[in-house]
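Open the model in your viewer and show the side chains. We will go through the rings, then the cores.

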Amino acid sequence: MSLTAIILVALIALLHLYILWFEMFAWTSRGPKVFTNFPKDLFEPTKAMAANQGLYNGFLAAGLIWSLLIGNPDWKVHVATFFLLCVAVAGACGAATASRRILYVQTVPAVVALLALYLI
């Protein structure tokens with residue numbers, strides 16, 4: 001795995017740790033500022049749902065971090081590929097259902113990291 005791919009995977013893992021924090025612990029305080037298209041009165045009733053989504057983002061981050069710790073170069077790339085594809089799909093789903101901005105925050109970086117895995 002190239003240094004560029006390692007850096008990109010690490011940055012995407014950090015992004016998903018931030019999303020974990022945001023969705024699990026700051027949904028009602030920061031959520032209305034980020035998702036301005038949602039009615040403010042929906043954040044409190046959806047707090048448990050957001051926390052669940054945050055947990056899933058934590059699993060994505062854990063998988064990406066795990067891929068960086070694997071010693072076997074082939075498995076390192078395979079595991080990173082799997083979790084980057086999961087991030088890309090989750091981003092596309094989020095863009096289709098919540099905010100188009102998610103496509104650029106999650107899917108595009110994951111695709112760029114996938115390209116770095118296989119082209120650099």
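How many aromatic pairs does a search of the whole structure find? There are ten. Keep in mind that this is a predicted model.

Start with Tyr-18 and Phe-22. Their rings are stacked, 6.3 Å centre to centre, with 25° between the planes. Both residues sit in helix H1 (residues 3-25), four residues apart, or about one turn of the helix. Now color by accessibility. Tyr-18 is partly exposed, at 38% relative accessible area. Phe-22 counts as buried because its relative accessibility is 6%, under the 20% cut-off.

Next, select Phe-82 and Phe-83. This pair is edge-to-face: 5.0 Å centre to centre, 85° between the planes. Phe-82 is partly exposed, with a relative accessible area of 48%. Phe-83 is buried, at 15%.

Now the cores. Which residues have the most contacts inside the largest nonpolar core? Select Ile-12, Leu-64, Phe-83, Leu-84, Val-87, Ala-110 and Leu-117. The whole core has 19 residues. H1, helix H3 (47-69), helix H4 (73-97) and helix H5 (101-119) each give two or more residues to this core. H4 gives the most, with seven.

Zoom in on Leu-64. Beyond its neighbours within four places in sequence, Leu-64 is in contact with Val-9, Ile-12, Ala-13, Ala-80, Phe-83, Leu-84 and Val-87.

Last stop: another core, of six residues, lies apart from the largest one. Select Trp-27, Phe-35, Phe-43 and Ala-50, which are among its members.

Conventions:
Residues are numbered from 1 along each chain as its sequence is written. This is a predicted model: local features need pLDDT of at least 70, side-chain atom pairs count only at pLDDT 80 or more; totals for chains, interfaces and linings use all residues. Side-chain values use heavy atoms; hydrogens and water are left out. Rings of Phe, Tyr and Trp (its six-membered ring) pair if their centres lie within 6.5 Å; planes under 30 degrees apart count as stacked, over 60 as edge-to-face and the rest as tilted. Buried means under 20% relative accessible area, exposed over 50%, partly exposed in between (1.4 Å probe, protein chains only). A nonpolar core is a set of buried Ala, Val, Leu, Ile, Met, Phe, Trp, Tyr and Cys residues joined through side-chain atoms within 4.5 Å. Contact means heavy atoms within 4.5 Å.
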